[in-house]
Amino acid sequence: MQGKGMQHSALGQCDESSISETPFQRASAHICTLREWLGDQALNIPDYQRPYKWGLPQVQQLLRDIEQQTLATAQDVGAGSYRMGTVVVHVETVEKPCSHSDTPARSQHHIVDGQQRTVTLLLVLHALRAVALEVHEAQRQDWQHALLELELFEPQFPSPLSHQQVQANYQAIARHIRQAQWGQAQVAFLLERCEVVRVQLHSLTEAFQFFDAQNGRGKALCVHDLLKAYHLRALRPAELTLRGQAVQAWEQCSQDDLERLFACFLFQTRQRSRGRNAEFFGKRHVGVFKGISLEAAASAPMSRTWRMLDDAVHLLERHTGSRGQVWPCQLDAPIVNGLRFFDWVQHYWGMGFHVEHAYGQLPYWTTKLQQPLSADAQGILKTLGRYAGRDRKGDSHVRAVFDALLMYYMDKFGEEALSQAVELAFAWTYARLLNRRVMVGSMDKFVDESPVNLFVVLRDAVTTQDFFGVALPMASYGNSYRSAASIPKGLDELQQWMHKLGYWEQETPPVQESQPLDNSGPGQVQTTPVQVETA
């Protein structure tokens, strides 16, 4: 809850204040009671909103705040209103069915910011009404009658995830209200003392700009949330009808998986292919995923070229009925703002690289291959999914670079010589792990200082031979690993693969006793262990 203990500010001393003005309609802000806010029958949760995701901790905090403020208000006779933060709505006028219709045009008030808090407060009032309904009508008090007579808006949730969370939170709220014996005091506080600052805008672009500015409030937004808002604003008028479809697939992806897709794959490849650091991904990097505008006013030659491609793809989509599946995606190509950004993200989501690697199994993305990988490539991938120490922070940083490089290769050359690409990517990235411990920032330094940056090589490659034609330095244990006791657990398996692939220097220290390499394919049994040669 926002504004704890806040009295009326300068904004509250007048009924309405202008924020900005267009030639047609003014944007405004005014203070309204919770009764007025939740009673607005034109309120709507638009399809571009992310799902209702407040969990039990946020709900419990809200309930505790209400209880504390109810008590504080009861003890302070002169207490003023309690400000519960800011809500932002985009006012959209729905035109008449036809010009001769007597039906007046109506407005929809789309909640752009404040959905989580609004829905939770609505659930609180519904739970209180359910308790009041249990009292026989003749025995109900005036406040209970007033509560039941409230007209509350009925939200329609675009996402099925929202329905599940609403049901779970309602049950939790109902239990709390019964156990804490909420009654007249809490209802009076909610309906008579609680207020929100309602910001009302008539331009969707302005609404999303305000949304961006407010992102630090409530549950912190991830970088991909900010990018979603930015690219929804970038939709061209002809694309607005596809807005719901563009984000539908996005909302079906878990937030954690989206965060992993952007941080570990999309950001890594775009940055490293340009010779830039990529180990840390945050809000200051949103510009990496902003690009070319296809607006007609954009007259730069590059914009015209991509607009022509977009027009051609639209024609093909309409002809084949394959909306969103035709756009040519490349990880290192310029981002096209708006609808094509959502197509681009969905394409790489579909590759499956973001799915966590199950212990001892092949990665999920390999299930989508048309041709099986070689035994050695499968053995390397299985080893990376099971070796002791794979979950260490340093090992995870190395694995992220390995995975991103493979995804980049497949994005450019598909399955052509993919097994060879697995071997080369392993030899390049894991040579750093075997040489010395990986710390925070180590992989950025490794890529910068390596004699060969395979991301840059791949960026410039026209054929697979351009990629495989590079010569990698031999791998070896560094000075800190000059004895068997100093070698971190699990590295011996990786060293054996380096030796087998021909990337290991012959003079090696004694290695720990290890299990034989499993380079068998699915359903096969490894019969010949790999021998490690020692000097």
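Trainee: Hi! Lysine 290 lies over the face of which residue?
Mentor: Lysine 290 sits over the face of tyrosine 230, at 4.3 Å from the ring centre. A charge is over a ring when NZ of Lys or CZ of Arg is within 6 Å of the ring centre and within 35 degrees of the ring normal.

Trainee: And what sort of model is this?
Mentor: This is a predicted model, in which local features need pLDDT of at least 70 and side-chain atom pairs count only at pLDDT 80 or more, while totals for chains, interfaces and linings use all residues. Residues are numbered from 1 along each chain as its sequence is written, and side-chain values use heavy atoms, with hydrogens and water left out.

Trainee: OK, the overall picture. How many helices and strands are in the protein?
Mentor: The protein has 19 helices and six strands.

Trainee: What percentage of the residues are buried?
Mentor: Of the 535 residues, 51% are buried. Buried means under 20% relative accessible area, exposed means over 50%, and partly exposed is in between, with a 1.4 Å probe and protein chains only.

Trainee: Let's look at rings. How many aromatic pairs does the structure hold?
Mentor: There are 26 aromatic pairs. Rings of Phe, Tyr and Trp (its six-membered ring) pair if their centres lie within 6.5 Å; planes under 30 degrees apart are stacked, over 60 edge-to-face, and the rest tilted. Tryptophan 344 and tyrosine 348 make an edge-to-face pair, 5.2 Å centre to centre with 70 degrees between the planes.

Trainee: Where do tryptophan 344 and tyrosine 348 lie?
Mentor: Both are in helix α12 (residues 339–351), four residues apart, about one turn of the helix. Tryptophan 344 is buried at 5% relative accessible area, and tyrosine 348 is buried too, at 0%.

Trainee: Why is the pair of tyrosine 477 and tyrosine 481 edge-to-face?
Mentor: Because their planes are at 85 degrees, with the ring centres 6.0 Å apart. Tyrosine 477 is buried at 4% relative accessibility, and tyrosine 481 is buried at 1%.

Trainee: Which residues do ring pairs link into a cluster?
Mentor: The cluster is made of Trp250, Phe262, Phe267, Phe281, Phe289, Phe341, Phe342, Trp344 and Tyr348.

Trainee: New topic: where is isoleucine 335?
Mentor: Isoleucine 335 is in the loop between α11 (301–320) and α12, and it is buried at 3% relative accessibility. Its C-alpha atom is 6.1 Å from that of isoleucine 292, which is 43 residues away along the chain.

Trainee: What is isoleucine 335 in contact with?
Mentor: Setting aside neighbours within four places in sequence, its contacts include Phe289, Lys290, Phe341 and Trp344. Contact means heavy atoms within 4.5 Å.

Trainee: Which helix gives the largest share of the lining of the largest pocket?
Mentor: That is α14, with seven residues. By class, the lining has 17 nonpolar, five polar and nine charged residues. Nonpolar covers Ala, Val, Leu, Ile, Met, Phe, Trp, Tyr, Cys and Pro; charged covers Asp, Glu, Lys and Arg; the others, Gly among them, are polar.

Trainee: What is the volume of the second largest pocket?
Mentor: About 310 Å³. It has 17 lining residues, with Ala431, Arg432, Phe446, Pro451 and Pro473 nearest its centre. The largest share, five residues, comes from α15.

Trainee: Last one: what is phi of glutamine 181?
Mentor: It is near 55 degrees, a positive value in a residue other than glycine. Glutamine 181 is in the loop between α5 (160–180) and α6 (184–193), and it is exposed at 69% relative accessible area.

Key. Helices (H or I, at least four residues) and strands (E, at least two) are DSSP runs, numbered from the N terminus. On a 1 Å grid over the protein atoms alone, a cavity is a set of points where a 1.4 Å probe fits but cannot get out, and a pocket is an open set with protein on both sides within 12 Å along at least five of seven lines; lining residues have an atom within 4 Å of a point. Grid points are joined across faces, edges and corners, and a volume is the space filled by probe spheres set on the points.
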